[in-house]
Amino acid sequence: MIIPIITGPTSSGKSSTAFNAGLKTGKVEIISADAFQVYTGLDIGTAKVSQEERQLVKHHLIDIMSPDECYSAGMFVQQAEEIIEEVLKKGNVPVITGGTGLYIKSLMEGIFNCPEIESSIRAGLQEKAEKDGLTSLYNILKQVDSEYALKISSNDPARIIRALEIYYGLGISFTQAHKLYSRTPKYKYSCAVLWKDRKELYEKINERTLQMWQAGWEQEVRNLLDKGYNTDCPSFRAIGYKLIADYILNGGNADYIISEIAKETRHFAKRQYTWFRSKNDVIKYSDSKLLENNLIELINGTRSSL
C-alpha cells in the first residue's frame, strides 16, 4: 500500500491529526519522524505525545536513544522501513508523522549510505579550508570530481568538504560513491503537509513555548544536567535546551529565555516553510480536519492517496 506521511512546520498540529485518525480507526501505528523525540528525558521541549496517548495508539521511534548518543537519517530510514514491514504484516497501517525534513526526504527519495570515514580526514580538510581558503578545496574537487563540482556552489563548504572527505576516505569520487552506495526507497509514500497561516502559527509557537516553560521545561533540563549530560550532547541541539542550560548554569531572566526560545522556534518554522514550499511531491493542506478525514479514508482503503 501507499504509506501516508503527515508533516508540516512545528506546532502545526500534525501529531494530533495522525493520532485522531488512529484513535478513530483502531488500525494505525505511528512512526515518529522527529530528530529529537528519539531521546529519553527530552519530553516537554520536544512535545512528545503522553504515555496515555501511546497506550491508545502505538508509537514508534520515541525514547530509543540516550541523550549523549548520535542519531542519523540513515538510522531512521533503516529502522522506519523495518517497522513499516512489521506493521503491515500485522494488518495495521503505519503513518509517518514528524517535521524533520531530512528524515522524510531520505525515506521518500532514498539515502546515501556510505561506509564510515575516519574523522581526521574531515578535520584536516576543515583546517586546510581555514588556512588556504575554500577556493583551494573547490579547485581540488574540480580536478577529482568535475561532474559534482559543476553541480554545487564554490561557496558551499559543507558540500565541498563532504565530497573531498569521500574522495580521500574511500578512494573514489563523490559521484561514483553515490552510484555505489545510494539506497533506493523500499516503499511508496503519499506525503501531506499541514500548511498553516504563518501569522497564526507564530502566535501558536509563542503560546506553546510559554506553556512548555510552565509545564516544567526548566526542571526537565536540570534533570538532564544532574544526570551528567551537557550541552555537547547531540540531544542538546534540540531547540531551547542549550538556552535553558545556560540559564540554569549562569543565571538570567526567565522571560528573556522564553522569548528567545520562541524566536528560535519561529526561525526554525520559517526554514521548514521554505523546505516544504520547494517540494513538488507533497500535498498541502490548510485544513487539518480535511486531512484527518482523507487520512481515515486512506487507512480504511476507500482512498488511494492523501
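Predicted model: local features only at pLDDT ≥ 70, side-chain atom pairs only at ≥ 80, totals over all residues.

Mentor: Residues are numbered from 1 along each chain as its sequence is written, and side-chain values use heavy atoms, with hydrogens and water left out.

Trainee: Why is Glu292 called buried?

Mentor: Buried means under 20% relative accessible area, exposed over 50%, and partly exposed in between, with a 1.4 Å probe and protein chains only. Glu292 has 4% relative accessibility, so Glu292 counts as buried.

Trainee: What makes the link between Glu292 and Asn20 a polar contact?

Mentor: A polar contact is a pair of N or O atoms within 3.5 Å; within protein, one must be able to donate a hydrogen and the other to accept it, and residues adjacent in sequence count only if both atoms are side-chain atoms. The side chains of Glu292 and Asn20 are joined at 3.5 Å, and Glu292 itself lies in helix H14.

Trainee: How do you know that Lys279 and Glu109 form a salt bridge?

Mentor: The term requires a side-chain nitrogen of Lys or Arg within 4 Å of a carboxyl oxygen of Asp or Glu, and for the side chains of Lys279 and Glu109 the N to O distance is 2.5 Å. Lys279 lies in the loop between helix H13 (254–277) and S8, and Glu109 in helix H4, so the pair ties together parts that are 170 residues apart in sequence. Lys279 counts as buried because its relative accessibility is 11%, whereas Glu109, at 38%, is partly exposed.

Trainee: What makes the span of H14 close to the expected one?

Mentor: Helices (H or I, at least four residues) and strands (E, at least two) are DSSP runs, numbered from the N terminus, and the expected span of a helix is 1.5 Å times one less than its number of residues. H14 has 13 residues, for which 18 Å is expected, and its first and last C-alpha atoms are 18 Å apart.

Trainee: Why are S3 and S8 called edge strands?

Mentor: Two strands pair if DSSP finds at least two bridges between them. The open sheet runs in the order S3-S2-S4-S1-S7-S8 with parallel pairing, and S3 and S8 each pair on one side only. Within that sheet, S1 and S4 pair over 2 bridges.
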